[in-house]
Number of protein chains: 4
Amino acid sequence: MRNLVPGEPSGRLSDAWRFCVGTGRFDLALRRDYQDSLALVQREIGFRHIRGHGLFSDGVGVHRPYEYGGERHVRHSFTYLDQVVDAYLELGIEPFLELGFMPSGLASGEQTVFWWRGNVTPPSSWQEWAELVRATLTHLIDRYGLDRVRRWPIEVWNEPNLKDFWQGADEAAYHRLYEITARTIKDVDASLQVGGPSISPGSDEWMPRFADFVTARDVPVDFLSRHAYTSGPAQHVPFGVHQTMGPASGLLEQFATTRRQLAGGPLAELPVHITEFNSSYRPDNPVHDTAFNAAYLAPVLAEGGELVDSFSYWTFSDMFEEVGIPTSIFHGGFGLLTHRQIKKPTYHLYAFMARMGDQLLTRGEDHLVTRDSGGRVTVLAWAPVDVTGGPAVAGHTVRLAVPVQGGSAFMLRSSVSEEMGNAWTAWSEMGRPRSPHPKQLDILREAAEPVRRHRSLPVTGGMVELDLTLDRHEVTLVELSPVVDETPPWWDDRRLLGLAEST
Amino acid sequence: MRNLVPGEPSGRLSDAWRFCVGTGRFDLALRRDYQDSLALVQREIGFRHIRGHGLFSDGVGVHRPYEYGGERHVRHSFTYLDQVVDAYLELGIEPFLELGFMPSGLASGEQTVFWWRGNVTPPSSWQEWAELVRATLTHLIDRYGLDRVRRWPIEVWNEPNLKDFWQGADEAAYHRLYEITARTIKDVDASLQVGGPSISPGSDEWMPRFADFVTARDVPVDFLSRHAYTSGPAQHVPFGVHQTMGPASGLLEQFATTRRQLAGGPLAELPVHITEFNSSYRPDNPVHDTAFNAAYLAPVLAEGGELVDSFSYWTFSDMFEEVGIPTSIFHGGFGLLTHRQIKKPTYHLYAFMARMGDQLLTRGEDHLVTRDSGGRVTVLAWAPVDVTGGPAVAGHTVRLAVPVQGGSAFMLRSSVSEEMGNAWTAWSEMGRPRSPHPKQLDILREAAEPVRRHRSLPVTGGMVELDLTLDRHEVTLVELSPVVDETPPWWDDRRLLGLAEST
Amino acid sequence: MRNLVPGEPSGRLSDAWRFCVGTGRFDLALRRDYQDSLALVQREIGFRHIRGHGLFSDGVGVHRPYEYGGERHVRHSFTYLDQVVDAYLELGIEPFLELGFMPSGLASGEQTVFWWRGNVTPPSSWQEWAELVRATLTHLIDRYGLDRVRRWPIEVWNEPNLKDFWQGADEAAYHRLYEITARTIKDVDASLQVGGPSISPGSDEWMPRFADFVTARDVPVDFLSRHAYTSGPAQHVPFGVHQTMGPASGLLEQFATTRRQLAGGPLAELPVHITEFNSSYRPDNPVHDTAFNAAYLAPVLAEGGELVDSFSYWTFSDMFEEVGIPTSIFHGGFGLLTHRQIKKPTYHLYAFMARMGDQLLTRGEDHLVTRDSGGRVTVLAWAPVDVTGGPAVAGHTVRLAVPVQGGSAFMLRSSVSEEMGNAWTAWSEMGRPRSPHPKQLDILREAAEPVRRHRSLPVTGGMVELDLTLDRHEVTLVELSPVVDETPPWWDDRRLLGLAEST
Amino acid sequence: MRNLVPGEPSGRLSDAWRFCVGTGRFDLALRRDYQDSLALVQREIGFRHIRGHGLFSDGVGVHRPYEYGGERHVRHSFTYLDQVVDAYLELGIEPFLELGFMPSGLASGEQTVFWWRGNVTPPSSWQEWAELVRATLTHLIDRYGLDRVRRWPIEVWNEPNLKDFWQGADEAAYHRLYEITARTIKDVDASLQVGGPSISPGSDEWMPRFADFVTARDVPVDFLSRHAYTSGPAQHVPFGVHQTMGPASGLLEQFATTRRQLAGGPLAELPVHITEFNSSYRPDNPVHDTAFNAAYLAPVLAEGGELVDSFSYWTFSDMFEEVGIPTSIFHGGFGLLTHRQIKKPTYHLYAFMARMGDQLLTRGEDHLVTRDSGGRVTVLAWAPVDVTGGPAVAGHTVRLAVPVQGGSAFMLRSSVSEEMGNAWTAWSEMGRPRSPHPKQLDILREAAEPVRRHRSLPVTGGMVELDLTLDRHEVTLVELSPVVDETPPWWDDRRLLGLAEST
C-alpha cells in the first residue's frame, strides 16, 4: 500500500538536530585537520553551536598563577581561547560553553580523567574559581560583544554524576559549584544563559534534585541539560571495544525524560538540551564507522526535535584523544568525519537532513517528507535495523505518493548503505591500512560519496509515485523538483548522429 | 574466452595524448571561468601545452600603430599577452604558439572569420609582420627565459588551405608567410621550434608541397602539423548542427597520413603534431556532450601515440565564441568542460588516461592495460560504438586475466556511459534549462562524476580474473592494487554489535 | 591656531560615497583580473553597487534572433549575464543596472561608440526592445529573487544628450525609450526602481525637460541621474591625452544642480544619483594615476553626501577598453587599481574613507573628523591642490585638538602623496616599463602601500593635540585609539639586555 | 671613505643559513597557526629543513604497547607523524629528524623535561628502541620514497650533555644509544644520513670523545652537530627572563669549534650542522622580539656559511610550549613570527637574506653585497650593536661604490630598526595588550612591514654611490636594478594638468 503524503504542511521541521554538535577537548580546535573537518561540516551541514570539554584544562592555559612581590597572583590568559573562538566564528559556528575541568593550579586533588588528564577535583579556592569564571566571561564579552555571547549557552561541568568526571560524584559539591558559577555569570551580565546539570544516563534522579536545589535557593538557571547513549558495557580488544546496543527508541525515551521530570514544576518551560548523544559512548567502538549507525540514528534525527530543544551528536570529528591518539584511520571514533575528512555514513545522514525543506509534510517510522519554498519535495527514508545483528533482511520498501507541482519531476536520489557511499567497506577491502597513502585517502574520500541516481518521473494527478527499495542499512534522500521544460521544438534525439533526417 | 594480459611490459605508453590541448581564442584565457576550467583540467588531467587562435588578433592588442612626428610607428604591446601566459604558467601549462590572425592595422584586406572577426588576409607589409613576430618572440624570451620558450612549438597560421582561414587559400602566399616567419624566428634564436602548415583534412596534397618548398629553399622547419576530424556536412537547426560521423579509425588514418607522406624524404624524422582533432569540427554539435563521443574517441587516445608525436583535443572548455556566445549550458561545444565546470564524458576519458601507468602491458580493440611503478594495474575499456546510430547492443563484455602481485587486489572501477557519470542525461531529465540555477549546477556537477564501484578480488596464480560488462557507450577505468592486509588477528565482523562473544 | 573638534557628533557621516562605483563594459566582468581587482576593492573599501555600460551589447549575447519555421524569433540568453551577476554577488556587490546599448540584431542603424563598438541607435522594433527588457528583468527576479532585484536601481541608457552615445542626441526618442522601458519594468513588478536621464555635464537643461515629460505623462520614475566631470578639452599625444582641470568645487556644484533644478516640483523628494564622476572623463589621462587626483577629490568625498544620494567613481579598475586595450601598466586609466592590482593614490582615499567612523564630529576645508562606536577617532586630512600646476607649496599644516577617552592614545597615521604610497612615482623611477616583470609588479604593489607611522600620544584634558604637516598632494588618515595599558608592574625596558639590575 | 665593491664575484654566497630552521615540539605542527606561520615563512624565506624535539614523545603517539594473547606487543602508529610530514612537504620543507625523546611506554624512568613532559631516560629495552627506530624509518621510506628520506639528516637525541635532557648526562649511555640507533638506521638503508652528538655549548669536550668513540668502533656517522647560544644566566621575572648577552662573534666562534676539533682526524671532511642557535636560549626572553636581535645576528647570517654546513635558527614561530602556553602575543618567544603571524625584526633579516643574489661581491663588518643573474645588486647592511646597552650611537653610516649596469639604477631600500618595521614598538605604544583584538592584530601586522623607500640613482663610471645612514639597530636591504628606460619621447611631466603646452 502506498502512503499518501499530504499536500499541505502540518508544521515546520524543527532544527533541534543542528543546534549543537560535540567536539573533542577544547584545544584540539587549534589543529588544522580539526578546522578542515569543521569547515567541511559547516559547508555541507551547518551546525549552530559546538560543545566540548576542557576549556579550563591546562592545555588551554587560562588560569596562570604566579608569584610577585612575595604573593600569589593569577593571570588569566586567553592566547588559545581566542584562537579557538576566532576560528569557530570564522567557520560560522559559535561555542556552547562547558565550564571545566579544573586547572591544575586551582585543583584540590590530583584525580584526572582521560589520556589527556583533565583534573576532576573541586577548586581549592571557590573565590579563585569565581574569578576565573568572571574573567573568562568578561573577556569573551569584551572581545566578541555581549550580543553574541548571550547567544552562547553556558553549561556548568560535565557528567558530575560519574566518579570519573567529578571527584566522588559528590552531588552537594556539584550544587555548590553550580550555584557559585551561575551567580558569578549573572553578575557579569544578567542576560547570559547558564544551565546544568549535564548528567549522563543512569542517574536520572539527579535532575529533580537539581531542580529542587535551584528552586529552593533561587539559583539562576536558563536551561537543563543531560546526555543520552544506548550502548551496553564495553568488551575490550586491543585499541577498541565492542558493545551491545539497545533499540534507538531508547534515545528518544532518554530525550523525553527531562521534560517529563520537570512537568508541573517551576522549570517546566525551560529549554532542554541533550548536550551529548550517540549510540555508543566509547570513542573506540567501530559501530560509529558503519552504515548501521546512520540507519540506527535516522529516526532519532527525524523525531528528536519534537522532544527537546537540541540534541548534540558526540562528535563531529575523530580528532579526539580521550583514550589516546588513534592508531588507525578507522578506529571507531565518534566522528562524523575521520582524520583527513573521510565521511562516515552518519555524516551523510546529517548532510541529508541539511537538504530537507522547512515545511513538514509527513513523518513515518521509516521516512520523513518535507518541502521547501521553491517547491522541492524531499524524502528521507531509512531501512530498519536489527540490534541483535540478525541476518540481513531482503530489501525494505517504502512506497509513497508525493505531491509535486507541474507535469514532471526531476528526481535525485542519494544513498548510503553497507555498500553504497561507504568508505569503511572500501577500507576493509583495501586490507584496513592504518596509515593510508595519499592516493588511498583520495579513493576513500571518493568511496565515501553517496551513490546518486537521477531520473525524470511523471506527475499524475499532482502526485509522483515513489517506490523506494532500500539496501541493508541504507539511508536515502530523494529530492523531487518540478521540471520546467525548455526543450526547443526542433530537438530530436535521433538526429544526434546526423542520420535521422532520412527517416 | 579470456584475454591473458602479459606480466611484462611491451614498452612505455606514449603520452602524445596529453602533449597539447586546444582552446578558444587567445584572449578568452583572460576569463575567470576559463581559468577555473583550466585549473581543474590541469589538476585531474595535466596537459603540457595549449594551442588556440588569435594571438595577433585585435582582442589581444599586440600590434598598435600610431602617428608621431608626422610618421607611422608601431608599438608592440603585451598587456594581455603577459596576463595570459602568466596564467598558463601558473596553471602548469605552456603555450603551443599559433601565429595569427592578422591585426587589422596590418591587414591587407577586410575578410574575417568567426563571430569575433579574425582577419585572414596577408599582411599589408611583410616587414611589419616580421617585426611583429620578432618583437613578440623577443619579449617572450625576455620575460620567460629562453630555456622555457624553446620548449614552445611555434606554428605558422591556421588551416591556410581553407578560404575561410586564409584569403583565397593562396598556397604561394602561405609559403611566403611561412618562410618570412620561420627565418625571423630563427634569427631571434636558432633553438626556437617552428613548424606548419597546419592544414585541415581534405587538402592532404598541401603537405608534400610544403615539404618540397621548405626543402628546396632550405627554410627552417622543426615539425609538421595538420588537423583531423571525421564528421560530415552540417545540418543546421537553430543554435546547432547535426552531422554524420565516419568511423573513429578515420582519425587514426588521418594521424598516420603525414608520416606516410614524408617517408623517405628529408623531413621524415621530424615530429608530427596533430594540432587539432575531434569527432565533429563544429562548436555547436551536441555530439560533443555525449557518452558516444567518449566511447568513440577511446581507441584513438589508446593508440594515437603510436602514430604521431601529439594530437590535441579541440578544445578543453566550452568558453569558445566562434559561432557566437553560447545560449545554453549544453550547446554542443567542443569543451571537455562546459562553462561552470561540468564534466562531459570525454573529460573522463582523458582523466582516466591520466590515471594509467607508464608501462604498457597490452592493447586490444576494446581495452588498454598498463601498470605503474607501484604495481597498480589499470585497465581502460570501452564499448564499441555504431556511427549509424543503430539500436543499442546488449552489454558488451571484456574478459581479461590480469597479473597482480600478492594474495588479493583492491579493485576500483570508475565508469561513464549514457546513464552513468553523465550530466547531459541529468540535464535532459531536468528539462534542459539553458541557464541552470546554482543548485542545479551543483546537481549537474555531481551527476557528472563517474560511477565508482570497489571490491576485493582474489589473486589466483598471480592473476585476477576480470569480467567487465559495459553499458551503452561506456568507458570504464579499472584500477587493481595489490592488497597488504593489516587486519589485526582479533578482528571479527560479527562482534560489531557486541553479540558474537556468546556464539 | 588649533581647531577644537567637538566631543559630540553633529550627525552621521553619509555613505553616499560608497553607494556605487563605475566599471568598464559589462562583459569585462568575466575576466579574472577584473574579479581579482573587485575582490580587493570590496575587501578594503566595500561598495554597494556597480554600474557600467553594455549590458545589452553583443559581447553579453542576450538578444539572439533566429529563424525557425520560416519566421523570426528571439531567444533571450543569459549565459554571461548570469556569470557576471553571480560573480558580483559572490564578491558582495550588487548591480546598478544600466539598460543599453542596442544589440546589433535589434538596432535601427550602424552607429557605434568606443573601440568595442556599442551600437547607439534606437531599436528597430520598440516591441522587441520591451520584450528584451521584460525578459531580462523577469529572469533576474527568477534567479536572484524579487527582494534582491528591487534593491538594484535601473537606469535607462547612458548620456543620451551626447551624439556619440545616442544617435542624434534625439531627446524625443530618448523620452520614448525611457517611457517604454519604465512602463515595461513596472509591469514586471511595481517595486522595481527605474530612473534617468543619465546625462553628461553640459546639457543641464535636459533635466527639467525630463521631469516635465515624466510628470506630464505620468511615467514612472524612482530616481534622477546625471554625471559630473571637471576636465577641459583633450590635448592628444600617442596613447594618451592631457587636459586642464577646473577646481574640485565644480564637482560639488554639478552634484548640487539636479536637486536645485527639481526643487519645488513633484520630483523634488526623489533620490539623485551621480552615476559617474571623476576629474577627467578620459580613460587615458595620466592624472588619474597621480596623488594630485586623490588630494583633488578628497573634499568631494568628504562633502558629496550632503548633496546627493550617491556619486559613483568612474571606475574601480583599469580593466577598461573604450579607447582600446591599454599598452602600458600605467596609462591614465580611470581605475582605482591598475591591471594586476596596483593601488593608485585615489584607491587609498577610498580605503581611508572606509575606515572612518559613522559619527561625524566635524568637517573643514582640509579635514574630516569622525568617531566610531569603539571610541576610535579618525581624521582624514588633505593638502590643497593648485589646478594651475603652480610650484609646490611648502608643507601644509592641519592643527586640531581631538577628543579621545583615557590617558593616552595610540596614533596610527597612513599617508599617500607624491612620494609616499605612490607606485606611479616608483614606476617612473623604474623607467616606466610598460609590461613590468613579476618582480617589478611585486615592488610596485609594495610601493603603493601607504606610509604608516605610529606613536603614543598623551591625552590632556580629554584632548589629543594633533599637528599634521602634509606633503605635496598628501592625503592622510589619522586613527586615534584610547590606550588600555596592560604593561605589568615589573616591566623595565632597561633590563632587556640583562644589565639593569645592577643600576 | 667609500668602499669600492668589486665588479666580479669572489664566489657564491653559501646558503647554509637557510638549510634548516628550528621548531617547537613535533606535534605542534598539527596546529593551524603553526602551519599558517610556516607557509608564510616558506613563501618569503624558504628553508630547506625543519628540526624540533619530541618525535617519539607521547604527543605523537608512535610507540603503542598493548597486551594480546597474554603477551606484550608494540604497535607502531603513524597517524600524527604522517599528518605532520605531509604538511611539511606540502609547504615545501623537509624534516631534519631528531630521534627523541623516550615514549613513556619504553622509558626506564620518570624524569621529564619541559612543561609538556618529554621523558629523558634511556629505553627500558634497547631492542624495542631499535625496533621503534627501524619501524619509523621503514614507514617513512615506504610513504615518501627512499630518494626523499635519504635527504633528511637524522640526529640522535638532543643535548645529551645536559642532565635536563638526558638522565644524568650519561655519556656512555648516549654513545650506546647512538651506536644502536646508527646501526639500525644503516641496516634499514645504508644511504640514510645519521649524526650526533647534538651537544649544547659548554661541553665542547664531548665532541672529540664522540669522534673517538665512533671511529674506534666503526660506528656509522654522516655528520656532526652541536648548538650555539651567547646569553648569560636567566634573571627571572613573572612570565619572562632577562639575560646578559655575549658578543655576536661568540656565535661564529662556537660555529667554528667543531671543525677545528675534528681537523686532522678521520671525520674532518664530514658536514657540520649547528642544529640550534640564537642569542638567548630561553623561550621567554623579550630580546627575541627586538630589532637588537636582528642587528646582532646580521653578521652571523652573513658569515656563518663560511664555517659550517648549516646553522638553524631556533625557532621559526612562537608556537612553542617548553615553559608553558604563552600568556601574551609578545612574550619573548624564539619565533621569527609571533602567534598569528606578526613578523619580528629577525624575520626580516631572514627575508632580506632570501632576496640576496647568489654571486658574492664583497663582505664587510657592517655589510654584505651580492648580485644575481639578472644584474640586480643587493646590499645588506646593519648597524653595530652594543651588548652593554650603552646609549644610542648617532646614525651609523655605510658608504659604498656599487657596480651596476646601464645609465641609472632603481634603488629599493627596505629597513627595520627600533622604529621602522617594528611591531613590538607599536605594541608597546598600544599598551602591550596581551590578547590583541583582530583590528589590533591587523595594525601590528602592518606595523611589522619594513619601511620601504625607492629612488632613481645615476650610474657614473659603472658605479652607483651609496650613502646609507642607519638608525639604531637598523638592518637594511638595498636592491639596485639597472633601469631600461621606456619613457616615450613625448612624455612631459609638466603637461599633466594640461597647462604646459603654452610654456
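How many residues of chain D are in contact with chain A? Select both chains and look: 44 residues of chain D are in contact with 44 residues of chain A. Contact here means heavy atoms within 4.5 Å.

Before going on, note the ground rules. This is a predicted model, where local features need pLDDT of at least 70, side-chain atom pairs count only at pLDDT 80 or more, and totals for chains, interfaces and linings use all residues. Residues are numbered from 1 along each chain as its sequence is written, chains are lettered from A and ligands numbered from 1 in the order in which they are written, and side-chain values use heavy atoms, with hydrogens and water left out.

**Stop 1**

Keep chains D and A on screen. Between them they bury about 3,800 Å², and 47% of that is on carbon and sulfur atoms. Buried area is the accessible area (1.4 Å probe) that two parts lose on being put together, summed over both. Now select Arg32(D), Tyr80(D) and Ile325(D). In chain D, these lose the most area to chain A, together 16% of what that side buries.

Next, look for charged pairs. There are 4 salt bridges between chain D and chain A. A salt bridge is a side-chain nitrogen of Lys or Arg within 4 Å of a carboxyl oxygen of Asp or Glu. Zoom in on Asp86(A) and Arg340(D): their side chains meet in a salt bridge, 2.8 Å from N to O.

Which elements give two or more residues to the side of chain D that touches chain A? Color helix H1 (32-44), strand E5 (63-68), strand E6 (71-76), helix H2 (79-90) and helix H3 (126-144) of chain D. Helices (H or I, at least four residues) and strands (E, at least two) are DSSP runs, numbered from the N terminus. H2(D) gives the most, with 6 residues.

Now color this side of chain D by residue type. It divides into 14 nonpolar, 14 polar and 16 charged residues. Ala, Val, Leu, Ile, Met, Phe, Trp, Tyr, Cys and Pro count as nonpolar, Asp, Glu, Lys and Arg as charged, and the others, Gly among them, as polar.

**Stop 1: a sheet of three strands**

Move to chain C. Select E1, E21 and E24: these 3 strands form an open sheet in the order E1-E21-E24, with mixed pairing. Strand E1 (3-4) and strand E24 (463-470) of chain C stand at the edges, each with a single partner strand, so one side of each is left without a neighbour in the sheet. Two strands pair if DSSP finds at least two bridges between them. Strand E21 (residues 396-403) of chain C runs antiparallel to E24(C), joined by 8 bridges. Pick Val402(C); the bridge partner in E24(C) is Val464(C).

Jump to chain D. Here too is an open sheet of 3 strands in the order E1-E21-E24, with mixed pairing. E1(D) and strand E21 (residues 396-403) of chain D pair in the parallel sense over 2 bridges. Select Asn3(D), which stands opposite Leu400(D) in E21(D).

Ala401(B) has Glu465(B) as a bridge partner in E24(B).

**Stop 3**

Most residues other than glycine have a negative phi, and most peptide bonds are trans. Now find some exceptions.

- Gly100(A) and Phe101(A) are joined by a cis peptide bond, with omega about -10°. Phe101(A) is in the loop between strand E8 (97-99) and strand E9 (112-113) of chain A.
- From Gly196(C) to Pro197(C) the peptide bond is cis, with omega near 0°. Pro197(C) is in strand E12 (residues 194-199) of chain C.
- Ser198(D) has phi near 60°, a positive value in a residue other than glycine. Look for Ser198(D) in strand E12 (residues 194-199) of chain D.

**Stop 4**

Finish with Glu321(A) and Arg25(A). They form a salt bridge, the closest N and O atoms being 2.9 Å apart. The two residues are 296 residues apart and link distant parts of the chain.
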